[in-house]
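Q: I would like a close look at one part of this predicted model. Please treat the strand pairing there in detail, and then turn to the contact between the chains.

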Amino acid sequence: MGNRAAAERRQLHNPGSFERLHRRCKDVFPQQIEGVKLVINKNLSHHFQAAHTIHMSSMSPHYHFNATYSGKRQAGPGENFPLLVGEMDSSGNLNAQCILLLAERIRAKAAFQTQQEKFQTWQFDSEYRGDSFTTTFTLGNPDIINESVIVVGHFLQSITQNLVLGGEMVYHRRPNEEGAILTLAGKYTTPQWIATLNIGRGGAHASYYHKANDQVQVGVEFEASTQSRETTFSFGYQLDIAQANMVFRGSLDSNWVVGGVLEKRLAPLPLTFALGAFMDHIKSKFQYGFSVTVC
Amino acid sequence: GMAAPKKSEAGCPRGLGDLLRAAWALATDRSDFRRNLIVNLGLFAAGVYIARNLSDIDLMAPQPVA
């Protein structure tokens, strides 16, 4: 009996990280494009990549420089360590991350965000990936002088090959104030669809992803917040036409926002062209734009 | 003295009318959290139903000849 249980456990896979629970559904939805954006990616070597982004919009023009270094140690497909990412814009704001593989199953991450000369965010994560579970511990903006901190703990366990259950505990402390929120999470995965639910005192987040066929993927989301007393429903779809090198993503939600983004790879040139528009019927606001990405 | 009101006048029709009025007020009150929760949950269920019945779409299928 013990051997059977152990054998069944061996067929269980690692459930991944808590942040990526709703990722498949979210990837179906289009990202808002506003104004004109030009992105130039340049691989300087196998380990070093630089990117320049010029964004011209009605809000303010921006230039971003992004540099990424990935090391030689490989933990999985597309996962090289150490990973150093830094992005700075023309206003001097910096966004930097460093991810290290401390051991075969232990990862550590440090992330910093500055606005002008002030630190906005400083965060330290450590993650342990077991055969059938993942556990993460995060310290957000620890400040000994002001006695404030945010501590987050995540745990995900594969119960069967399809079912993952887990939870999140968030504890925050400020002078004269402290609180904690517990959220339970569950995910059921099949080859064709994925259903995910997070529920707790702060609200609920449910998502359903469905792959209809090689061309059509659909995502449905529901979010409710007890703090802001708001609920939202979103429906998104992705159409892949590989023969035309084209991807179209569309969405509509309960706030009467309808939008779509069309992406076309201009083969044989290393260019991707994207055209997008979003209409907010309640606020009578229309946003549109296009972007060109050079790889 | 005044006659006591007949039970049939103060009975079901008035109660049902009040119930219908309250239901209509809830259904049309966009700022009510419970109402929005029920509506969006229903939309979510409808969206899942639509998603699960989309398997027969082929975007590259030839156009039907008239």
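How many bridges join β10(A) to strand β11 of chain A, and do the two run parallel or antiparallel?

A: In this predicted model, β10(A) and strand β11 (residues 177–189) of chain A run antiparallel and are joined by 12 bridges. Within this pairing, A:Arg173 stands opposite A:Glu178 in β11(A). The two strands form a hairpin with two residues between them, and A:Asn176 takes a positive phi near 70 degrees there.

β10(A) also pairs with strand β9 (residues 148–158) of chain A: 10 bridges join β9 to β10, which spans residues 163–174, and these strands likewise run antiparallel. Here A:Val152 stands opposite A:Val170 in β10(A). β9(A) and β10(A) form a hairpin as well, with four residues between the strands.

As for the contact between the chains, 25 residues of chain A are in contact with 18 residues of chain B. Together the chains bury about 1,900 Å², 73% of it on carbon and sulfur atoms. Across this interface the rule finds zero salt bridges, while three residue pairs, both residues at pLDDT 80 or more, are in polar contact. On the side of chain A that touches chain B, the elements giving two or more residues are β13 (203–211), β14 (216–225) and β15 (230–241) of chain A. By class, that side has 13 nonpolar, nine polar and three charged residues.

Conventions: Residues numbered from 1 in each chain as written. Chains lettered and ligands numbered in written order. Predicted model: local features only at pLDDT ≥ 70, side-chain atom pairs only at ≥ 80, totals over all residues. Heavy atoms only, no water. Contact = heavy atoms within 4.5 Å. Buried area = accessible area lost by both parts, 1.4 Å probe. Salt bridge = Lys/Arg side-chain N within 4 Å of Asp/Glu carboxyl O. Polar contact = N/O pair within 3.5 Å; in protein donor to acceptor, adjacent residues only side chain to side chain. Nonpolar A, V, L, I, M, F, W, Y, C, P; charged D, E, K, R; others polar. Pairing = 2+ DSSP bridges.
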